[in-house]
Amino acid sequence: MALIIGLTGSIASGKSTVSLMFDDYQIPVVDADKLAREVVRPGEKAYEKIIEAFGQDVLRDNQTIDRKKLGTIIFADEAKRDQLNGIVHPAVREKMLKQRDALQEAGATCVVLDIPLLFESKLTHFVDKTLVVFVDEEVQLERLMKRDNYSEEEAKQRIAAQIPVKKKAAMADAVINNNGTKYQSYAQLEKILKEWNAI
Ligand SMILES: CC(C)(COP(=O)(O)OP(=O)(O)OC[C@H]1O[C@@H](n2cnc3c(N)ncnc32)[C@H](O)[C@@H]1O)[C@@H](O)C(=O)NCCC(=O)NCCS
Ligand SMILES: Nc1ncnc2c1ncn2[C@@H]1O[C@H](COP(=O)(O)OP(=O)(O)OP(=O)(O)O)[C@@H](O)[C@H]1O
């Protein structure tokens with residue numbers, strides 16, 4: 001049986017940055033954010049349901065979902081966020097488990113599931129170990145505003161839509177403190193993977 005690691009954190013804490021590091025150990029990563037983009041492509045069931053729920057206004061001229069517009073709507077309104085989650089999450093979960101099982105069948109001894117909402121959606125039973133990428137809130141806010149060009153208000157709204165990363169760190173099997181350099185995070189990851197006999 002493969003070791004299944006649930007990689008999580010909070011928005012802009014550095015999950016994608018850390019998830020790239022698994023490449024160096026040939027450990028495959030299943031990326032929930034990527035799957036969430038795939039399942040809302042035109043023609044997919046979730047795409048039709050989003051239009052039914054949110055209207056044609058959330059479409060761009062080329063008929064794809066306007067992610068910025070949809071984000072502005074759902075991060076300002078918890079009920080709308082729950083509605084979108086109810087449409088997108090089941091499809092993401094199905095794809096994620098299929099990929100996890102296929103990787104195991106192909107002989108992977110360790111598989112990472114990169115799931116931003118691992119704790120919020122109570123999906124820890126999908127994984128053997130939980131790994132949280134932690135940053136202080138000031139660093140998180142600064143990196144988020146810089147990466148996505150959000151105003152302070154927009155960034156704070158997005159941070160508030162998730163369990164605070166400090167709380168997630170307290171629930172995790174292991175934590176990477178990503179306040180420092182990427183290299184320092186890399187060294188922490190290597191130590192954890194050795195402790196878990198994953199490398
Ligand atoms: C609202 C959407 C269209 C915004 O798209 P956008 O391209 O701007 O952001 P992206 O998808 O890259 O998400 C960035 C980050 O936002 C956070 N986030 C996204 N959706 C949510 C949510 N429903 N609740 C809390 N945080 C969220 C995550 O930390 C994620 O890593 C998109 O995030 C979405 O469809 N969200 C619902 C599906 C979802 O929960 N995805 C995240 C994990 S499966
Ligand atoms: N140790 C670090 N030092 C400096 N910048 C960093 C570090 N780690 C990540 N960053 C930067 O911070 C931003 C957020 O990181 P990243 O995109 O990896 O976060 P994430 O948790 O995957 O975000 P999301 O939840 O939105 O998917 C990016 O611009 C990234 O380049």
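Student: How is the model numbered, and what limits apply to it?

Tutor: Residues count from 1 along each chain as its sequence is written, while chains are lettered from A and ligands numbered from 1 in the order in which they are written. Because the model is predicted, local features need pLDDT of at least 70 and side-chain atom pairs count only at pLDDT 80 or more, though totals for chains, interfaces and linings use all residues.

Student: What is the mean pLDDT of the chain?

Tutor: pLDDT is the predictor's confidence in each residue, from 0 to 100. The chain's mean is 97, and 100% of its residues reach 70 or more.

Student: What makes β1 and β3 a pair?

Tutor: Strands (DSSP runs of E, at least two residues) pair if DSSP finds at least two bridges between them. β1 and β3 have five, in the parallel sense, with Ile4 opposite Val111 in β3. β1 also pairs with β4 in the parallel sense over five bridges, and there Ile5 has Lys129 as its bridge partner.

Student: Which residues does Val112 touch?

Tutor: Contact requires C-beta atoms, placed from the backbone, within 7 Å. Leaving out residues up to four places away in sequence, Val112 has several such partners, including Ile5, Leu7 and Phe22.

Technical notes. Two residues are in contact if their C-beta atoms, placed from the backbone, lie within 7 Å. Helices (H or I, at least four residues) and strands (E, at least two) are DSSP runs, numbered from the N terminus.
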